Amino acid sequence: MATVALDEYLQTLLRKQGRDHNELTLPAGSSDFDLCTIYLENTNLGIHRYLTDVVTLLFLAAGHETLRLEKKDLDFGAGNFVLLDKGAAYELLDPSRGALLLKFKFRPSLGLQPLLEQEFAKTDKDAQVCTAWLKRLKQDGFLWVRNIPLMPASRCLLNAVDEYLDGDVFASALIKANLAKAAALSLRSERFGSQVKAAKKEPGHLGAREINRYIDANYMDTSLKTAAQAFGLNANYFSNLVKKRTGKSFIDLVNERKMDEACVLLARTDLSIMQIIHQLGYNGKSFFYKKFKEVYGMSPNEKRDELFRQQKINLK
């Protein structure tokens with residue numbers, strides 16, 4: 001099910017649900033899957049206040065919401081997700097029409113700490129990151145991952161929902177794989193955050209790897225100024241350092257990353273080229289076409305035709 005079709009399906013479920021209940025249990029396509037149950041938050045009026053009795057992941061697939069967690073109000077955008085341990089209190093303030101807040105409620109026997117230690121802490125470096133996550137969870141009461149729908153971790157969660165609803169062969173394995181990948185990518189992001197803090201202390205040690213990882217994580221919503229601030233550097237100094245370390249300007253690196261993403265999106269049949277341009281944050285068609293041709297030597301239309309041929313897709 002394409003992302004657009006999934007959104008429409010979930011919105012249809014909400015319209016059919018009515019306004020009497022705060023949560024809608026999504027119909028699992030397979031009765032064999034027991035890792036979690038997925039719920040969809042209703043947008044009805046009233047109090048949306050909860051206390052978790054199992055490990056719970058809240059994922060905003062579309063729209064915008066404000067979540068109150070541990071007396072903190074989180075400005076929750078599409079693609080964001082938050083992980084809650086058992087006994088966490090949260091409230092949805094003024095639910096927004098059009099928002100799609102999904103809740104993964106994991107089976108009661110699942111403990112977050114043993115899960116991280118057994119499944120993810122395979123090396124000493126892995127264990128250090130998992131320990132840092134658990135420390136943050138203990139301090140804050142939750143783990144908030146700020147993503148956008150296009151980011152890989154958010155896509156994995158959408159894929160997991162899709163498989164959960166579809167229930168086709170190997171659905172259980174694919175759901176678990178997508179959830180594991182979303183977790184691993186988020187854990188890696190935590191490690192990257194630590195590297196950024198270290199780079200602030202020793203900016204001369206900032207390398208191409210850290211720069212490229214920053215761009216991978218932020219290419220949809222960054223600029224030279226904000227990137228420099230993230231590393232605690234002056235914009236001009238940071239610009240020169242990026243050029244020295246990578247041989248390219250910061251803007252060129254961001255545009256190249258966007259072009260990579262453009263190819264991924266062009267392979268999808270549910271998005272028009274104008275939708276892709278807007279999703280990637282470009283204001284004008286001509287600039288996007290110019291940059292795309294510089295990278296790939298062909299227009300986005302020609303590239304899409306090539307990708308469709310490779311997938312044996314014929315829309316004519």
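**View 1. L26 and its contacts.** Leaving aside neighbours within four places in sequence, L26 is in contact with L10, L13, I38, Y39, L40, L102, V161, Y164 and L165. Contact means heavy atoms within 4.5 Å. This is a predicted model: local features need pLDDT of at least 70, side-chain atom pairs count only at pLDDT 80 or more, and totals for chains, interfaces and linings use all residues. Residues are numbered from 1 along each chain as its sequence is written, and side-chain values use heavy atoms, with hydrogens and water left out.

**View 2. The largest nonpolar core.** This core has 45 residues. L26, F59, L102, F104 and F106 have the most contacts inside it. Helix α4 (residues 152-166) gives the largest share of this core, eight residues. Apart from it lies another core, of 33 residues, among them M151, L265, L266 and L307. A nonpolar core is a set of buried Ala, Val, Leu, Ile, Met, Phe, Trp, Tyr and Cys residues joined through side-chain atoms within 4.5 Å. Buried means under 20% relative accessible area, exposed over 50%, partly exposed in between (1.4 Å probe, protein chains only).

**View 3. I38 in strand β2.** Strand β2 covers residues 36-41 and holds I38. I38 counts as buried because its relative accessibility is 0%. Not counting residues up to four places away in sequence, I38 touches L24, T25, L26, L102, K103, F104, V161 and Y164. N212 is 174 residues from I38 in sequence and 34 Å from it in space, C-alpha to C-alpha.

**View 4. R304 in helix α12.** Helix α12 spans residues 300-310 and includes R304. R304 has 12% relative accessibility, so it counts as buried. R304 touches L265, L266, R268, L271, S272, I273 and I276, with residues up to four places away in sequence not counted. L265 and L266 are among the residues of the 33-residue core.

**View 5. The whole chain, for orientation.** The protein chain has twelve helices and ten strands. Helices (H or I, at least four residues) and strands (E, at least two) are DSSP runs, numbered from the N terminus. The C-alpha atoms fill a box of roughly 55 × 55 × 35 Å, taken along the principal axes. Of the 316 residues, 43% count as buried. Among contacts with a separation of 6 or more, 67% join residues 24 or more positions apart.
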